[in-house]
Amino acid sequence: MAHFQTDTNYYLNPAAPGRFEGQVPDLPVEGEVPHHLKGAFFRIQPDPLFPRMTEEDVYFNGDGLLARFDFDNGQVRFTQRYVETDKLKLEKAAGRALFGRYRNPLTDDASVEGKIRGTGNTNPFVHGGTLYALKEDSPAIVMDPWTLETKGYTDFGGRMKGQTFSAHPKIDPVTGNMVSFGYGSSGPLTTDCTYMEVSPQGELLKEVWFKAPYYCMMHDFGVTQDYVIFPIAPMVSSWERLQANKPHFGFDKTLPVYLGVMPRQGDAKDIRWFKAPNQNACHVFNAWNEGTKIFFDVPVSRGNGLHFFPDLDGSPFNPMEALALPTRWIVDYASTGDEFKKVTRLSSMGGEFPRIDDRFQTFRHHHAWWLVADPSKPFTKGCGPGFANIGYKNMTNGYESVWWAGEEYHLQEPCFVPRSKDAPEGDGYLIVLADNLVANLTELVILDALAVEKGPVARVKLPFRLRSGLHGNWVDASQMPAA
Ligand SMILES: [Fe+2]
């Protein structure tokens, strides 16, 4: 009989799938939602529609379940709908799961061999009025931003030759281009990568092919006005792992970290690979350059940060080595050596899911927020310790503050919302989904972005729990296409 596995935490409460599509027209609010906020907050969660067909899997192997919170005049409306990937359509037709473990095609039903395995479950991203559902192992999926209807995969009119499109593109505020990359670009586990730029009109302007030093989870990257930066951290894989039915990725303590730097006007031959000792990094705050000097802010952990992708050498997961600390890596494209020029720890508040005021991407940023894990805070049994805090740092004067949501809560990635389109950097709000793991309900919490320690100005209450999501983005009403 089909069932969600009981031998893993990833499909049990509080991580049990929601499998819910629908709309809630006017969510109850505690406090007051700023009336001038008019726009949409898109967010997405991995949420398998069908019970899994494998014995074990990682948390984020789930179909993309896309949600939009509409803000208007102090009211908030919620709409949620599945991303109808090729995968999900095949499974719906069969009435059961056909695709097996996370990024392991060897575990699939024979009937779906060669089909695109993407789930579109990582990041809903709006560029040039187009909503994309993104996942790094497959092409971008075009969605209708209003109905959340799936239009399908895009190869940008045949111009994109690579097979993958990152879930973490950036928008260059000067050109308006969406700057992105792909890895595993000529097939799973290949070291082929691409760097791409897409115009606001949706035209793929360039696709530069290059090779990574080794295959790894290239989850995020950095974009400056003049360079793109590809971090290579040793979360690796191999066909042997997949044949042995191990999780796709594992952490290799023997490999160095590389930072690949390519001039945006350059080509593969222009990439310089800077090298650092073994460590781990995943998401990126931001990057910028001053001449040939490149600044790259990223949470960095000494060891493996993801317990579900175990160390290759079999050593047990080490929570202290897993804690990522905000760090600045500096390299100089014009330098003669291949070592990092400087490494600076930016904060002792460990955590992940870093965000800035996205209007300032590619330029030096002055404000940063991230989810903080603080093991010294109490937590209700079964709830943690996890991401129960929001950390803030003023990068100009060093001021730091933190808001603790409480011992029953787990927080999801924060998203900065400017007070108005032309507000100064950092002047606005932080939207955070807060899961009360005891009540089994999710709230959308609104904080003053520069005074997070004061706690929420509003709590928008959903009548159910959302599964822990991956990423979300705010889109001002003026940037939404006509319905
Ligand atoms: Fe991510």
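This is a predicted model: local features need pLDDT of at least 70, side-chain atom pairs count only at pLDDT 80 or more; totals for chains, interfaces and linings use all residues.

Student: Which order do the strands have in the open sheet of five strands?

Tutor: The order is β1-β5-β4-β3-β34, and the pairing is antiparallel. At the edges are β1 (22–24) and β34 (472–476), each of which pairs on one side only. Direction ignored, neighbouring strands of this sheet are turned by 15° against each other on average, where the axes are lines fitted to C-alpha atoms (for helices over the stretch in contact) and angles run from 0 to 180 degrees between N-to-C directions.

Student: What is the order in the open sheet of four strands?

Tutor: That sheet reads β10-β11-β12-β13, again with antiparallel pairing. Its edge strands are β10 and β13 (204–211), each pairing on one side only. Between β10 and β11 (residues 178–183) there are two bridges, and Met178 in β11 is the bridge partner of Ile171.

Student: How many residues of strand β15 are buried?

Tutor: Burial is judged by counting other C-beta atoms, placed from the backbone, within 10 Å of a residue's own: 20 or more means buried, 12 or fewer exposed, and in between partly exposed. In β15 (residues 227–232), six of the six residues are buried, so the strand is largely enclosed by the rest of the structure. Tyr227, Ile229 and Pro231 point one way, while Val228, Phe230 and Ile232 point the other way.

Student: Which strands pair with β15?

Tutor: Strand β14 (residues 222–223) pairs with β15 in the antiparallel sense over two bridges, and a hairpin of three residues joins the two. Val223 has Val228 in β15 as its bridge partner. Strand β18 (residues 257–263) also pairs with β15 in the antiparallel sense, over six bridges; there Leu259 is the bridge partner of Pro231.

Student: Which residues have the most contacts inside the largest nonpolar core?

Tutor: A nonpolar core is a set of buried Ala, Val, Leu, Ile, Met, Phe, Trp, Tyr and Cys residues joined through C-beta atoms within 7 Å. The largest one has 120 residues, and those with the most contacts inside it are Ile229, Ile390, Leu430, Ile431 and Leu447. Two residues are in contact if their C-beta atoms, placed from the backbone, lie within 7 Å. Apart from neighbours within four places in sequence, the contacts of Ile431 include Phe41, Cys415 and Trp474.

Student: Which residues of helix α1 are buried?

Tutor: In α1 (residues 86–94) they are Lys87, Leu88 and Glu91. They cover an arc of only 90° around the axis, which puts them on the same side of α1; the arc is that of the directions from the helix axis to the C-beta atoms. What covers these buried residues includes β5 (75–82). Just after α1, Gly95 takes a positive phi of about 75°.

Student: What is the phi of Phe156, and what is that of Thr362?

Tutor: Most residues other than glycine have a negative phi, and most peptide bonds are trans. Phe156, although not a glycine, has a positive phi of about 55°, and Thr362, not a glycine either, has a positive phi of about 80°. Phe156 lies in the loop between β9 (150–153) and β10 (170–171), whereas Thr362 is in the loop between β25 (351–355) and β26 (367–373). With 17 C-beta neighbours inside 10 Å, Phe156 counts as partly exposed; Thr362, with 23, counts as buried.

Student: How many helices and strands are there in the protein?

Tutor: There are three helices and 34 strands. Buried residues make up 48% of the 483 residues.

Definitions and conventions. Residues are numbered from 1 along each chain as its sequence is written. Two strands pair if DSSP finds at least two bridges between them.
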